Amino acid sequence: MKASRIAAVGIVVGAVAWVASGHLMPHESAESRAAMRADAGEQKLFRVAVIETKLAPHARRLVLSGRTEADKKVTITARTGGVLTEMRVRRGMHVKKGDVIAVLSDDAREAQVAQATALYNQRKAELEARRKLIEQGSLPKLEAVNLEAQYKSAEAALAAAVAERDRGVLRAPWDGIITNHSEVGGASLAMQGAPVAQMVSLDPMLAMVEVSERRLRGLKVGDQAEVRLVTGQTATGRIRYIAPSASETTRTYRVDIELKNPDGAIPDGITAEVSIPMAPVPATRVPRSALTFSSSGDLGVRMVNGGAKVDFVPVSVVEDDQGHMWVAGIPDGARVIVQGQDFVREGQQVVAVPAEIAVGAAR
């Protein structure tokens, strides 16, 4: 009986103590609850790393892939009949303008020159002898016209015979290198029009590229360009030619850069990378990783505005500079997000910290 009473008294005392605790213990104030809610809200804000960008004029470069091309190439063909009797050059040989490359068989061309020369001398002597008689009145003046016509005809025949003889000797039209030639004795009487040798001129050398219609603007003849060959060689030249019309198949425009090549070190037909400096444009340098896509698929960057909210700015690429990009469209002094930009959306409240601090905290 006493045990039950003791238990009842203990329950009553516990209940009284619990009720009294609500009056004796301090209550949370409205201000403290608001502060706690504010602290909880700040902890939920996403933290992003930003850099402050600067708008500056950037001299961009147009980089294109192309190939080298000899300035002049020619196939030397026979202009008369005969057999190829002598070849005075070999493949890879340097020749000067006017050097003899090959000789065709005579085929009586020398005899025709001798015959034409004899007739020419005869007509000339007759004209000079009878001209005195005409001046003295012994012969009619009409005779002088006939003699003059015969003399001119003989003179023309001699010139034609000499030209035909000279066609049997093939000469270099300009300085260059022999790239191929025919074999001696391999020709027939149908030699006229047949190829005898091929030659190329390596100085100057051309670097040829194809430029799209969007990139053509800003290029002009005389602009400087840098050329890097696949072999590692580099050269500097100037734009010599810009095609006035586009290719029907590729819709691109041919651009030729002239390169000095006095020693022939730059070969013909080798792959080349051409870099052409363009006019400077206002642009901002940002890390390549800062570029992202909006929900609508536009390329741009996310930045933090003055209200600590995220904005998206579409950009256009000016130049790709390995780890960084030069882009247009970012206002001067903008705080561009470089870490965390893919985890936030436009209008979201964030906590922005300088990128240097964020990197230090990560380390």
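Predicted model: local features only at pLDDT ≥ 70, side-chain atom pairs only at ≥ 80, totals over all residues.
Residues are numbered from 1 along each chain as its sequence is written, and side-chain values use heavy atoms, with hydrogens and water left out.

So, what's a pocket here? On a 1 Å grid over the protein atoms alone, where a 1.4 Å probe fits, a pocket is an open set of points with protein on both sides within 12 Å along at least five of seven lines, and lining residues have an atom within 4 Å of a point. Volume is the space filled by probe spheres set on the points, with points joined across faces, edges and corners.

The largest pocket holds about 370 Å³ of space. It has 15 lining residues, and closest to the centre sit Arg-60, Leu-62, Arg-215, Val-317 and Val-318. Strand 3 (61–77) and strand 18 (316–321) each give two or more residues to that lining; strands are DSSP runs of E, at least two residues, numbered from the N terminus. Strand 18 gives the most, with 5 residues.

Now the second largest pocket, at about 240 Å³. Its lining has 14 residues, with His-94, Asp-175, Gly-176, Ile-177 and Pro-262 nearest the centre. Strand 5 (94–95), strand 8 (176–181) and strand 9 (195–212) each supply at least two lining residues, and strand 9 gives the most, with 4.
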